[in-house]
Amino acid sequence: SAWAGTPHIVIRGLVLRETETKETDKILTLLTAEQGKISVIARGARRKNCKFAAAAQSLAWSEWTLYRRKDWYYADEGATLELFEGLRMDLRALALGFYMAELTECVTMPEEPAPELLRHLLNGLYALSALKKPPELVKPAFEIKLLCLAGYEPLADACEGCGRTDPEEPMLNAALGTLRCRRCTHGGVVSPLCRESLAALRHIVYGDAKRLYSFRLSPDALRRLSKAAALFLFAQLERDFKTLDFYESLGGVHRP
């Protein structure tokens, strides 16, 4: 590491996860731009008089002063930069935030720079907390864009079979991440789209990341987009997420 031999470093990070350990300590999984995912021991973080207790909670965007011993970082000081208060007043939004954090943790490598993944997660939390974007719209857009950033970008510009840019009855092949007309589809796990949901998919994949959540869909088109995103995500990552089960238990969009 560039920090070898450095007594203390100051770094900003989002708390992806907190794990209680010993009587008053926590182990934090932080997502940082420079170092990607790092584990930090926050001694005394569960004490009532701990100065950095707020900074050490899940989904807190904080600035930390850390020092390293062997394989672990230890927290010396921590200060909150953004707590996303809007999330903490809406259980469904908060549950989706936890899922977004778990998803990001899944695709992030330890100690590899992750500025785009961090920016994507912060923007998603901001969209839910401050912009009050509906969770059912944020979820598929976040999932698909995260997969793009993690190297699983779908090919959504034309039908893979006939090359049409406006495919008739478009379908997304979840395993291959390719677009097909219904007549060009031969087996595989496919999710039907419509003209509206295909336009939203293209906006997510190819559009300006700053305007990721600035689209609207009819309820039917949003259902199709959500189902396609969920199928695509499961086909690529091949695992379940406990935080997703919790979100869905609160009346979130159901898995296909």
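Reply: Start with leucine 87, whose relative accessibility is 0%, so this residue counts as buried. The model is a predicted one. Leucine 87 sits in helix 1, which covers residues 85-88. Now compare leucine 87 with proline 170: 83 residues separate them along the chain, and their C-alpha atoms lie 35 Å apart.

The largest nonpolar core has 57 residues, and Leu14 and Leu201 touch the most other members. Several elements give two or more residues to this core: strand 1, helix 2, helix 3, helix 4, helix 5 (195-206), helix 6 (219-237) and helix 7 (242-249). Helix 2 provides the largest share, nine residues.

Side chains of opposite charge can pair when their charged atoms come close. Here the count of salt bridges is 14.

Take arginine 17 and glutamate 105. They form a salt bridge, with 2.6 Å between the closest N and O atoms. Glutamate 105 has 12% relative accessibility, and under 20% means buried, so glutamate 105 counts as buried. Arginine 17 has 38%, so it falls in the partly exposed class.

Arginine 92 pairs with glutamate 136, the closest N and O atoms being 3.1 Å apart. Arginine 92 lies in helix 2 and glutamate 136 in helix 4 (residues 135-149), so this bridge ties together parts that are 44 residues apart in sequence. Both ends are partly exposed: arginine 92 has a relative accessible area of 23%, and glutamate 136 stands at 26%.

A third bridge lies further along the chain. Glutamate 160 and arginine 180 form a salt bridge, and their closest N and O atoms are 3.1 Å apart. Glutamate 160 is in the loop between helix 4 and strand 6 (170-173), arginine 180 is in strand 7 (residues 178-181), and the pair links distant parts of the chain, 20 residues apart. Glutamate 160 is partly exposed at 41% relative accessibility. Arginine 180, with a relative accessible area of 22%, is partly exposed too. Shared partners also build a network: salt bridges join Arg164, Asp166 and Glu168 into one.

Glutamate 111 is in the loop between helix 2 and helix 3. Its phi is near 55 degrees, a positive value in a residue other than glycine. Glutamate 111 is partly exposed, at 33% relative accessibility. Lysine 132 is in the loop between helix 3 and helix 4. Lysine 132 likewise has a positive phi, near 55 degrees, and is not glycine. Its relative accessibility is 55%, and over 50% means exposed, so lysine 132 counts as exposed.

The largest pocket has a volume of about 370 Å³. Its lining has 16 residues, and those closest to the centre are Arg119, Asn123, Ala209, Lys210 and Leu212. Helix 3 (115-129) and helix 4 each supply at least two lining residues. Helix 3 gives the largest share, six residues. By class, the lining divides into seven nonpolar, three polar and six charged residues.

Last, the cysteines. A disulfide is a covalent bond between the sulfur atoms of two cysteines. A search of the whole structure finds zero of them. Cysteine 184 has cysteine 159 as its nearest cysteine by sulfur position, 3.8 Å away, and is in no disulfide. Cysteine 184 is buried, with a relative accessible area of 11%. Cysteine 50 is buried as well, at 15% relative accessibility.

Key:
Residues numbered from 1 in each chain as written. Predicted model: local features only at pLDDT ≥ 70, side-chain atom pairs only at ≥ 80, totals over all residues. Heavy atoms only, no water. Salt bridge = Lys/Arg side-chain N within 4 Å of Asp/Glu carboxyl O. Buried < 20%, exposed > 50% of the residue type's maximum accessible area, 1.4 Å probe, protein only. Helix = DSSP H or I, 4+ residues; strand = E, 2+ residues; numbered from the N terminus. 1 Å grid on protein atoms, 1.4 Å probe; cavity = no way out; pocket = protein on both sides within 12 Å on 5 of 7 lines; lining within 4 Å. Points joined across faces, edges and corners; volume = space filled by probe spheres on them. Nonpolar A, V, L, I, M, F, W, Y, C, P; charged D, E, K, R; others polar. Disulfide = S-S within 2.5 Å. Core = buried A, V, L, I, M, F, W, Y, C linked by side-chain atoms within 4.5 Å.
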